[in-house]
Amino acid sequence: MVKAMMHIYKLDGNTMDIVSCPPQGVQKGDYIIVRDDALNRSLIVQVTNIGYANIPGVLEDILRDSSTKNMDGQNLDFLGVKAFVDVIKDARVFRCKIRKAIVNGRIDHDISWTPSRSTSQLINLTDREFLELIGLHGENTITLGTTKGGAEVTVNLAAIDGKLNIITGKKGTGKSHLSKLLLLSLIEKGGICVVFDVNGEYINLGYGADYKKATPHEKIIVLSPGKRFKVTLEYMGLGVFLRIMSSVLDLPDNSAWEIRRIWSSLSQRNTLTLKNLRKAVDSVLNNYVRDALIRRIDSLVSTGLLTDNLQEASTLEDLIFGLNNGGALIINLRGLPTRFCHIVVEFMLSKLCNLLERWVLRALFLFAEEAHLYLRKTYWEDIVTRMRHLGLFSTFITNQPDSISDGIYRQADNVFLFNFTNENDLAAVSKATMVDVETINVIARELPPHYCLALGRVTNDFPIIIEVKALNVKTMGETRLFFTNAYKQKI
Amino acid sequence: MEIAEFSQITPKNFIEIGYTSLKDVVDLNLSRAMTVPGLDGGDFADEIELNATIGNNFLKPITLLNPGEEVPVFGVDVSNIDLGETKEGFLCAIRGSIVWRENKTYKYVRHGPFIFHVTEANKHFLYNALRQRCFDVNEGVGAPIMERIPEHIRNILERWLQKQLSESRRESLLLWDGSMTTRTVNNPISILSRLLKRARDARNVILALSKKTSISAFGRRMDSLLDSGNAPCLLDIDDVVRVQYGKYLRFFGKIYAVKLSPGNLSFRLDIDRQVPQEAGIQAVENLLCSDLIVDSYPETLRLAHIMSRFSANEVIAMQRFVAENYGLKIVQRPNIRQILFGPYTGIRSKRS
């Protein structure tokens, strides 16, 4: 621990201003301990902003320097006072947020007490000391990366298991990279994951950067709906079928009633196939109902998701059971029409919930990139409430923070915030996350690429800036470019 | 004139005596025995503020019409500031600067800051040691009251810098901030008169510009005595002022009111009495074509003032310097007036 020349300047609510002279090498995001020995307590405060101390006379100095800037001259400062002036001029004020307290060596939530301004000792914690203090280490951990100071950040799996995570930040800051890191770490620990991959970024996770098969290769199953992933009507089930017909394909109620009747009839006769269903619909007497059903069934059939051929049909159970000791189903939605995406997602979520309800599956982790593109609004709350209790633990990844409702943010257990510069994006995040607006506005704005601000249980509710560790698999997150070196060589 | 020439002129006495005052607080108690009764000779007293009243309405301004000759112009200014009180006394700092204009460019050398720890015990030592070592005088004099010591030390530095200029420069204009007046009429060894003589010997002309003098005629302030239309011009008020103050003060300079450029501002100007009046006027005309004049004031003097002034930031830095290097801590003394009068303390006049 480094004892620094720091003093408490102001305390306002949970905001503490600390003066540092000479300025310490403290950065935004660092933690300082404010120790009041008389009270035998300490406060853990985080530096959220750094400014110059408002020292009288600085403006006068600057103006004088500017008026004599073009003059040749010499300062015969025999005592070397200039060095002291420079130190005073560079004095900093650290705007800090009080996070928690330490009482009897233990982290405590009571921060309602006030430390002495004159006698408190302020200690700048190194990253390693801080991580040791907040106790992120445990037996079952995954490594997310390092702090700015180079200390390894390992988080307890329990902080991710059963939790709702949000990864957000502007384009190109490393959101998908973190998502893949989490995914691979969970797989490694035996977790079962499902990924809605809208950009086809996850399909090569089984390969290394050199395109050779990597360690997780056997644990990654890529499903291309309509191509190699098809299911039978019977496996889809009436409930899922009706939900797709009504929610995605907007089937009117009376037509839904008719198709239900047809389905039951075919099912009772054990002749439920696509072909028979289409034939039965053709014989519906009411023209309007018949036409409505035909259009929608044709639309569903055209996706290729459904098949009558049992040889080419799959079941999620079989696929998931094939992932012994952890693995991921990557649902490749790349290039699929929006409506088809909706159908696939509706099918997947309904079936997974069904499997969880029946305890066929214990629990699984869902990774949803840009979920607003394919997830019905009504589904969001269902996912974070009902499905969560069933054992579906979601991680949403988005570069449009306002696409996720405030309600979802408030229920989030962990938020991984990457760089944002747009005011509206920052406002959307800051009004709903579990940390104060100032922390978001200042720190998130200045995060370099591949650095994120981790908030929530994953860091024991201490916001920490993490440089996400590199992966040695083919991440495919890069944007495709026209003017590449290969192109240049070609022309 | 190169900067190096001035930067080699080191006011060693200020460094050494300042250092001694900070370092040897206890030892200096011995110097009580050195106390010399009697008052200060007056050479280093603060500038005297005049309030002359001009009764003669027929004074005619001297319009400066002749084109001057470009000559090197040197300005000197110093400043002092209190750094705070200690258990034994108080700390003060002084700084001086020389600014000059030559070939249309300004250059400067800034001396200091010099920090002194002034106590009742060491004030005689401080004052006399500086005075004797800087000006080669042997006799000791009584020091002013402790609160006035910083201004006197400041004035010693100012005179010392003026002396360096007078001795090292030739055929130049030397601008002083202040006047050429001393309090004591019968002071046998006036340092001021020696300075002026050395300047004359080197064919320098000293112009002292004072911002403090208040002179009025028929209730009109000096600013109104000189019409803007006549600027640049001088008004010879030497006789008027001497009639009123001649008994109490010694005037080494001939006194003028001067307006160097059109505008509201006028200043008192002292020109060495031993310099013929025509040569004095010629010197002012030389100033007009050798220096920038802004608001009737020479730029060299304005810059010298800016360079020597202390900022609040520097005060904090010097307090830190003495605390770290000499272990001297600033103490907060109870404010007697505040204790006695509470909210009726009123506004105290500034000490300097």
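How many of the 14 residues of H4(A) are buried? In this predicted model, the helix is mostly covered, with 13 of its 14 residues buried. H4 of chain A comprises residues 175–188 and reaches 20 Å from its first C-alpha to its last, close to the 20 Å expected at 1.5 Å a residue. The helix is followed by Gly190(A), which has a positive phi, near 100°.

The size of an interface is often given as the accessible area lost when the parts come together. By this criterion, chain A and chain B bury about 2,700 Å² between them, and carbon and sulfur atoms account for 65% of that area. On the side of chain A, the residues that lose the most area to chain B are Arg64(A), Leu79(A) and Phe84(A), which together make up 25% of what that side buries. The contact draws 26 residues from chain A and 35 residues from chain B.

Three elements of chain A, helix H1 (58–67), strand E6 (72–76) and helix H2 (81–89), each give two or more residues to the side that touches chain B. H2(A) gives the most, with six residues. By residue class, the side of chain A that touches chain B divides into 15 nonpolar, five polar and six charged residues. Although six charged residues lie on that side, the count of salt bridges between chain A and chain B is zero.

Definitions and conventions
Residues are numbered from 1 along each chain as its sequence is written. Chains are lettered from A and ligands numbered from 1 in the order in which they are written. This is a predicted model: local features need pLDDT of at least 70, side-chain atom pairs count only at pLDDT 80 or more; totals for chains, interfaces and linings use all residues. Side-chain values use heavy atoms; hydrogens and water are left out. Helices (H or I, at least four residues) and strands (E, at least two) are DSSP runs, numbered from the N terminus. The expected span of a helix is 1.5 Å times one less than its number of residues. Buried means under 20% relative accessible area, exposed over 50%, partly exposed in between (1.4 Å probe, protein chains only). Contact means heavy atoms within 4.5 Å. Buried area is the accessible area (1.4 Å probe) that two parts lose on being put together, summed over both. A salt bridge is a side-chain nitrogen of Lys or Arg within 4 Å of a carboxyl oxygen of Asp or Glu. Ala, Val, Leu, Ile, Met, Phe, Trp, Tyr, Cys and Pro count as nonpolar, Asp, Glu, Lys and Arg as charged, and the others, Gly among them, as polar.
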